[in-house]
Every structure is written in C-alpha cells, then in structure tokens.
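This report goes through a two-chain model, from the overall layout down to single residues. Please keep the sequence and the coordinates open while reading.

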Amino acid sequence: MATINLTHAVARDIRKAERPSRRAEFGRKLRRNSTAYLFLAGAILCFAVFSWYPMIREVIMSFQYTNFAGDTKWVGLHNYQHIMADPDFWSAWRTTGLFTLFALVFGYAVPFFLAVVLNEMRHARSYFRLLVYLPVMMPPVAAAFLWQWFYTPDDTGLFNAVLHALHLPSVQWLQSSHTLAVLCLVLFSTWINMGGTVLIYLASLQSIPGELYEAAEMDGAGIWGRIWHITIPQTRLILSMMLLLQIVGTMQVFTEPFVITGAANNTTTVVYLIYQYAFNFNNYGDAAALGVLLLLVLVGFAAGYLWLSRHADEE
Amino acid sequence: MSAFDTPTRTLVSRTQLSRPLGRTLYWVVFWSLIVLFAAVFLFPLYWMVSGGMKSAQEMIQTPPTIVPHHVELGNYASAWKDLDLGRLIFNTGYYALGALAFQLVFDVAAAYSFSKLRPVFGNVVLFAMLATLMIPTTVIILPTYLTANSLPFVHWSLLNTPWAIWLPSVTSAFNIFLLKRFFDSIPTELLAAAAVDGAGPIRTLWSIVLPMSRPILGVVSIFAVVGVWKDFLWPLLVLTDTSMQTVNVGLHQLSVGISQNVLIAALAIASVPTIVFFLIFQRNIMAGLTAGGMKG
C-alpha cells in the first residue's frame, strides 16, 4: 500500500511539473482528433441513420406490434410465433434453400470450371472477357423481363423454340414444378451474375506460379491431378471467400422471383416474404422478425466461415 | 491486366499444346467456346433487339422468326414515348452521379481520416462500419425505409427525393475499406513533409493523397455508379412517384398493359446506357473488379 501511495505522490508531482507542456499536448491532441472526426462526420452520420439505427430498430420492432395508427406495444415473441405458424414462412425458406443449393452448383462450380478452361486459351481472350461480363451490365429488371419472355411456355418462347428445332418436347418452364421454376430462376441469376465471378477467378488463376505446374508434371501428375493438387489449393482463399459471398448473396434473392415469377408457383423467397409482410400486409412486426431470423442465418454462415478459415490457417 | 497478354505456364504446358493431338484438341475447345459464348451471351441480346422490331403478329408466330420479316422501328418509338424512357434514364443517371459525388466526398474523407489522421476510437468506428458488410441492406430494408420516411429527431421524409438514394449510398463500407487500404500504402513521410511545409489536412488530401489515388478513385466511382444503376428493391420502395423513378423501377411498374413487342423494345433501349458505359470503361471496370476481389 505504502509504495502505491508513494508512486501516486511521485506521479502527481511529475504531473504538476509537466503541466504546461501537457496542456499544450492535450490541446494539440484535441485539435487533431476534432479535425479527424470532422472528416468522419458525414460518413458516421449516414451510417448512423441508414445502417446502425435501422439495425437496432429492426430488433426492437420484431418484439413489437404496430397498427395503422402507429401505436406500438410490446408483444414479446408473439411475432416470431406468428410467422412460424404461417405456411408461407416454411415455403419461403425451402425455396430460398433450394435456390441457394442450385446456385452453388451453377453459379459457383460452373464459373470456376469455365475460368480454368478460359485460362488455357491463348487467343481471343478479350472476346471471352467482354462477352461474359455483358449481362452483368444490363439493368436487372430489363434482363429479368427478357428471360421471362424466353421462358414463355408455348412455342413462341426462345427456349421452347430451340427445343422444338431439336425435335424435343416443349417444357412449361416457370409454370411447371416448383423445383424446375426455381431452377429457371437460378439459370437466369447465373447468366446475369457469373461475369464478375469468372473474371475474379481468372485473375487469381493467373497468379499461380507456372513452376508449380511444371514440378507436378515432372512428378507424373495428369491434368486432373494438377487441377486437384495445384489449381484448387492455390486458389483456395478466393474460392472460400466467393463461396461465402455466393451463399450470403443468394440467400437474399428478391428481384428474380419478384419480377419473373411474381410469387407464382410458390417461388416466394425469404426477402420477398419480408417485402410482402411489410408492404402488402403492413405487418411490420412480422417483417422485422423474419428479417432478424434471416440475419441470424447469414451471420451464422459468416461466423462459420471465419471459424473454418482460422481453423485452416492453424493447420 | 498485362499479365493476361503474356502467356506464362498454365495448367497445360506449351509442349503439350504443340503436339498434333494437343493442337487439335485446343482448337476444338477454342472454337466450341467461341460459339458457346456467342450463343449464351450475345444471342439473347440479339433476340432482344430483333424482337423489339417484330410486329405483334410476328411475336406470336411459331416457330419464331430469327430475322424479323418487317423491321418495325415504330415499337422503339412507342416504347420511348409510352414508358417515358428518356426520363427514367435521365433520373437514374442523375441519382448515379449524385451518389458518386456523395461517396467521393464523404467516403474519401472518412477513409483518409481512418488511414492518416487516426483519431482515438477510429478503429472502433471503422469496425462498426465494416461490420455492416455482414448485415445486407435487404435484411434491414423495412426499418431503413421507415427511417427514410421520417428521419430521427427532424422527422423529414426523404421519400420521392434524390436524397433517399444519395445519402444511403454513402454507407458503402466496402468502398471505405478499399480507399483506406489504398491510402495506407501512401508513405506517411510524404504527408509529414507536407505538414512541415505548412499544409493542413485538407490541403494534404487534395494535393498529395488524391492525385496519387486515381486508380482506386476510378474503381470506387464505377462501383458507385453501377450500384445505383443495378439497385431495384430500395428505389422501388422510396421512389413511388412515376416522375422520380429509375430505369429498373419504371420498367417494372409500366410493364403492365403494354404489348410484348413494345416492352421488348423498351428493354433494349434501357440496356443501352450501361452497356455503352461498360464498353467505354471496360478496362477500368475489369481492373477494378479484380483489384476489389483479389485482396478483399
């Protein structure tokens, strides 16, 4: 105790002695910090109003009931119980899950495979890069209407016309089974989005040192062996990151079912259901509760990704 | 992108390609890819442009004609007039430029502050901003909408004003992250030298940091413009007034009760601005895409 008191006293004396310079130091620091926060002010204000506050408000609203007059009351978990009793809720999760699953096959595996093949091409590289990215630049709603027209169930639609020319039976596309309708949406989604993914994969494939392939070849690795032992491990980081982005992105799908199928054939997704709860039924509590649930799922994916990548680093 | 043009050793070695079998296989794959890409990415666009030229009768003909019998440019004229496409395109461009301006001012200032001015709790604020990357805007769309409808304390409504697009666009944590990372690579000694010469923070930002940051500013600008042009759900909610709508929202709202061929013509017109934008800036867009994706 005594020593502590002594050091306190010494510290006080030192502080007293240093006071003028310390005050100047403090003023300088204050000025520097206030300038820095002045630069941050615009961004902080926008984040606070349009990101942080809505985030908190969403959680609060999910435990509240709001009527048309704007009166709110606390209802505990009632909103959560209410949406879980709604058959649309389960249907929306099933559709979203199916969409995400299909999108993993088409939107994730196909672009990677395509990029590996494109990276071997010695000619017309800019042709490939330009074309694959063209759909990305279309306004999404315009592209969605275009594909809706392609999917026309009678023979005037482009896809059925192609099937017809090949003497195959025509398909009902969006109006057939639920699975096929979701698959149609995924095909469209892949078409419009894959450009970015392909280009990112191409860039990361180019950063693989050529010596690795040479060494593998000398060890007698065939083409699949080289893909499995060199290409995939060397692009692992980008592959795993794109996997997370892909899952998080496709779990939020909205434009595709909203514009192309318009919720027909049970293709309502989770975000679409949030939209319906909020803006068709004016049921803010249910919409907020569903939003919180979706958020938890997405954060779960992100946390799992972080855990896995840390785990992989330790190995 | 110069790495693209200098062929280094890839999966298949050059000796393997120069063998007769390898060469044949290469050309077969090459030409199949050329045809496949044309069929998958180019043909739908051709189908759209030519579909917009067909008459109502030809639209429902089976099998559909590949080349329109009678080129009817009248569809394009009526699409332009009926959907007021000029206004939709102008609106979207106006929102995109405004969002670009707001992001360049606020996000650049924020990234500069995080990187070079380094205030106390700066890292906490940065973390709080980057954490929003985990929280997609679609999930909190309802509370954000309610907030934009009645701002906290002042209770102004931003609905049906450009501010509803511009201000939320500033919350692009990814752009702040890209900018900060680029600013981090600018040597501090350079800024210290400027400070010795009596330059304040604004002066330093303007005359030293910004001229050095042209590449990343280009990337961020493209993200800002393309982001506004592609957004659908948010403008659908906040821009309900027909005269204020964007291309995406306008196409969706006005598609009802329009004949199919006019609608297709409208889609073709609506796609022109971004595709022209892409063809002009393709080099920057592709460089930005990989710069953003690679190290992110």
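Which domains does the domain assignment of chain B give? Domain 1 spans residues 2–75 and domain 2 spans residues 83–254, according to that assignment. The model is a predicted one, and the values that follow were computed from it.

## Domains and overall form

In chain B, the centres of domain 1 and domain 2, taken over C-alpha atoms, are separated by 37 Å. For chain A, the domain assignment likewise gives a domain 1, covering residues 22–50, and a domain 2, covering residues 80–314, and the C-alpha centres of these domains of chain A lie 42 Å apart.

Chain B contains 15 helices and zero strands. Its radius of gyration is 25 Å, well over the 19 Å that the globule rule gives for 296 residues, so chain B is more spread out than a compact globule. Along the principal axes, the C-alpha atoms of chain B fill a box of roughly 75 × 70 × 35 Å. Of the 296 residues in chain B, 41% are buried, and among the contacts in chain B between residues at least 6 apart in sequence, 74% join residues at least 24 apart.

## The contact between the chains

The contact between the two chains takes 84 residues from chain A and 83 residues from chain B. On the side of chain B that touches chain A, the helices that each supply at least two residues include H2 (20–51), H5 (85–117), H12 (214–230) and H15 (260–294). The largest share of this side comes from H15(B), with 14 residues. Sorted by class, the side of chain B that touches chain A has 60 nonpolar, 19 polar and four charged residues.

One helix pair can be described in detail: helix H5 of chain A, residues 140–150, packs with H14(B) at an angle of about 35 degrees, and their axes are 7 Å apart. From H5(A), the residues A:Pro140, A:Val141, A:Ala142 and A:Phe145 meet B:Asn248, B:Leu251 and B:His252 in H14(B). By class, the contact of H5(A) with H14(B) has five nonpolar, two polar and no charged residues.

An α-helix has 3.6 residues a turn, so residues three or four places apart point the same way.

A:Trp173 lies in the loop between helix H6 (158–165) and helix H7 (178–206) of chain A. Is A:Trp173 buried or exposed? A:Trp173 has 21 other C-beta atoms within 10 Å, and because 20 or more are needed, A:Trp173 counts as buried. Leaving aside residues up to four places away in sequence, A:Trp173 touches A:Tyr151, A:Pro153, A:Phe159, A:Leu180 and A:Cys184.

A:Leu237 belongs to helix H10 of chain A, residues 236–251, and is partly exposed, with 14 other C-beta atoms within 10 Å. The C-alpha atoms of A:Leu237 and A:Gly210, which are 27 residues apart along the chain, are separated by 18 Å.

## Positive phi values in chain B

B:Asp84 is not a glycine, although its phi is positive, at about 50 degrees. This residue is found in the loop between helix H4 (74–82) and H5 of chain B, and B:Asp84 is partly exposed, with 17 other C-beta atoms within 10 Å.

B:Phe121 also has a positive phi, near 65 degrees, in a residue other than glycine. Its place is the loop between H5 and H6 of chain B, where B:Phe121 counts as exposed, with 11 C-beta neighbours inside 10 Å.

Terms used. Residues are numbered from 1 along each chain as its sequence is written. Chains are lettered from A and ligands numbered from 1 in the order in which they are written. This is a predicted model: local features need pLDDT of at least 70, side-chain atom pairs count only at pLDDT 80 or more; totals for chains, interfaces and linings use all residues. Domain bounds come from an automatic or database domain assignment. Two residues are in contact if their C-beta atoms, placed from the backbone, lie within 7 Å. Helices (H or I, at least four residues) and strands (E, at least two) are DSSP runs, numbered from the N terminus. Ala, Val, Leu, Ile, Met, Phe, Trp, Tyr, Cys and Pro count as nonpolar, Asp, Glu, Lys and Arg as charged, and the others, Gly among them, as polar. The radius of gyration is taken over C-alpha atoms; the globule rule is 2.2 Å times the number of residues to the power 0.38. A residue is buried if 20 or more other C-beta atoms lie within 10 Å of its own, exposed if 12 or fewer, and partly exposed in between; C-beta atoms are placed from the backbone. Axes are lines fitted to C-alpha atoms, for helices over the stretch in contact, and angles run from 0 to 180 degrees between N-to-C directions.
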